[in-house]
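Student: I would like to go through the charged side chains of a model, one at a time. Please start once the structure is up.

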Amino acid sequence: MDASHLAFVVGRGVLAALFVLAGITKIVGPKPVLAHMAQEGVPKILFPGVIALELIAGGALMIGFHPAIAAGVLCVCCLATAIVFHRNFKEHAERTQFSKDIALAGALAVLAAL
């Protein structure tokens, strides 16, 4: 395995780990996320689906199983998260979270295109 391929696999794995860990964190401590969902008017019935999406698509991306599809799904998820949860630009933390989600969506779009 050459250095560029190794960097690609490691980078993809690290990016995917963000979503897998987020899914696990939601299972272990759901209250903050459920409270944020309620604050934004997002039905809590979607919560298990969010966890499944993060774990399944994140895991698929991590191991390289249909990585373009997994990255595309996660890209859309990041865009939706930015728009639904982080649109209060008066707060610095929300602007930062919005920018982070948009940047992640961009990285995932690149992976989906490869």
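**Charged side chains**

Tutor: Lys26 is buried, with a relative accessible area of 13% (buried means under 20%, exposed over 50%, partly exposed in between, with a 1.4 Å probe and protein chains only). This is a predicted model, in which local features need pLDDT of at least 70, side-chain atom pairs count only at pLDDT 80 or more, and totals for chains, interfaces and linings use all residues. Residues are numbered from 1 along each chain as its sequence is written, and side-chain values use heavy atoms, with hydrogens and water left out.

Student: Which side chain meets Lys26 in a salt bridge?

Tutor: Side chains of opposite charge can pair when their charged atoms come close. A salt bridge here is a side-chain nitrogen of Lys or Arg within 4 Å of a carboxyl oxygen of Asp or Glu. Lys26 pairs with Glu54 at 3.0 Å, N to O. The two are 28 residues apart, Lys26 in helix α1 (residues 3-28) and Glu54 in helix α3 (residues 47-63); helices are DSSP runs of H or I, at least four residues, numbered from the N terminus. Glu54 is buried at 8% relative accessibility.

Student: How many salt bridges does the rule give?

Tutor: The count is 3. Glu40 and Arg87 form one of them, at 3.3 Å, N to O. Glu40 lies in the loop between α2 (31-39) and α3, and Arg87, 47 residues apart from it, in the loop between α4 (67-85) and α5 (92-113).

Student: Is Asp101 buried or exposed?

Tutor: Asp101 is buried, at 3% relative accessibility. Its salt bridge with Lys100 has the closest N and O atoms 2.9 Å apart, and Lys100 is partly exposed at 37%.
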